[in-house]
Amino acid sequence: MAEQIVARKAAAQPKTLRARPSTSARAPKAGNKRPGAKESLTEQAYAQIEEAIVTLQLAPGSTVSELSLSEMTGIGRTPIREAIQRLAREHLIVIMPQRGLLVPEIDVKKQLKLLRTRREVERLICRSAAKSATPQERDVFAQLAEEFEEASKANDDVSFVRLDREFNELCLIAARNEFAEAAMRLMHGLARRFWYVHYREAADLPEMARLHGAVARAIAEGNVDAAGDTLDALLDNIEAFTRATLVEF
Amino acid sequence: MFRRQLAPMRDPSIGDRVTVRSDASLSQSAYELLEEAIVTQQVAPGSSVSEAQLSELIGMSRMPTREAVRRLARENLLEVRPKCGITIRLIDPNVQLRLLETRREVERLMVRLIARECDAAAKATLRALSADFETAAIRSDVLLFVHADKSFNELCLSICGNEFVVGAMRLMQGPSRRFWFQRSRDAEILVESATLHAALAAAIASGDPDAAAHASDRLLDSAERFARRAIEETGDALSVR
């Protein structure tokens, strides 16, 4: 896995980070189903529906059904049902008894609660990553830091989104704490969706990219306290951006 | 493989009500029953089981059992592998240390939030629980401690007001309880844990977020010490981060 990550250094074009099976399931390809392998069908259903919610294809405030989700994904009702349970625990779907399924509205207060929790867990993850990253992983963090800087200077939001995803996945790997990782994954979808909705208006992208770069650099250098401090600065920025969206209404 | 069969978990007289429960609540019941069985080691750590066996053990049908298995796999209580089936994870103090590292951060936030927000009724309940913890410490009473602990945890989760804190804490409850359950016969652990829980409940009831945070850290320090001791005892050579 680390070897795959290191290989990106040599590539002329940045590759999509295939950090772990669950990440590759987030970009499902048609015809990828193994017959009778319900495990992976649930994973695929989850990944596809989550992506659709995060990217607003399933609009906030809209209602869906097991049937419509089944048709959308081409996956059967049973794995869909299991995926829905998981998405409900992650606050991406609301199950309304007898009334169907709701994709929740964007809720700024809820986002702020999420950020308070995310701050504590993510600080631990970044500190742990600074402590536990392998030399190859540190090389990639250093490279990410440079690319964040470039994206910052160029105000390049497309690159930023890609780098952010790679960075987040690598942090989870390098931290080597399955409980912190599980806690982060609970919040991941909702956090991404909020960003998706608002970042064009409200975010100072160069600053956000710069702050991400600072965390990546601290982890690369193995500086545990700096990793925590830069993460706090990043979360301060995200919190400010979140509060600013209230003003938009 | 099974230490003993679970006593019937459901009152037969509520059979009619059970049949109209939704899929979601059946899943939730299966999850709770299966987690309990694993936590109390009625299914032995390290054992391999089939979905059918678990289904029969908890008295629920295959679908909710399967969903429960999936959830508990994500919570690191069991492992599902394509050809090996379902394996109940061994209790590993190194895993426990990583759990405690995470729990420390989330629980500190949780008790700060509660200390600031809790009303008079919650404070009264917390003080009563604090007294129960102290009694449990004095008498080395495991049952009283377990009962107070469960009430305390559920109270905190219900009044916390932050669903993401709650979600993160719930993820860690199963493995945490199982580790503690294994060690609870050690009187020293019981007394120290009960005493620190008493202090934490009282600190939260005082309404001072800093005092609550400090008491939470002290409790986690203690839990960490016991986990490290478990590593030494088993002669575990795996290096601890």
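In chain B, the C-alpha centres of domain 1 and domain 2 sit 26 Å apart, with the domain bounds taken from an automatic or database domain assignment. This is a predicted model, where local features need pLDDT of at least 70, side-chain atom pairs count only at pLDDT 80 or more, and totals for chains, interfaces and linings use all residues. Residues are numbered from 1 along each chain as its sequence is written, while chains are lettered from A and ligands numbered from 1 in the order in which they are written.

**Domains of chain B**
- Domain 1 covers 12-88 and domain 2 covers 93-233.
- Nine residues of domain 1 of chain B are in contact with seven of domain 2 of chain B (C-beta atoms, placed from the backbone, within 7 Å).
- On the domain 1 side, helix 2 of chain B (residues 23-39) brings the largest share, three residues (helices are DSSP runs of H or I, at least four residues, numbered from the N terminus).

**Where the chains meet**
- Chain A puts 24 residues in contact with 24 residues of chain B.
- Helix 6 of chain A gives the most to chain A's side, nine residues.

**Nonpolar cores**
- The largest nonpolar core has 107 residues, and Ile125(A), Val215(A), Met110(B) and Ile204(B) are among those touching the most other members.
- A core here is a set of buried Ala, Val, Leu, Ile, Met, Phe, Trp, Tyr and Cys residues joined through C-beta atoms within 7 Å, buried meaning 20 or more other C-beta atoms within 10 Å of a residue's own.
- Helix 9 of chain B (residues 187-205) supplies this core's largest share, eleven residues.
- Apart from it lies another core of 16 residues, including Leu34(B) and Ile88(B).

Key: Two residues are in contact if their C-beta atoms, placed from the backbone, lie within 7 Å. Helices (H or I, at least four residues) and strands (E, at least two) are DSSP runs, numbered from the N terminus. A residue is buried if 20 or more other C-beta atoms lie within 10 Å of its own, exposed if 12 or fewer, and partly exposed in between; C-beta atoms are placed from the backbone.
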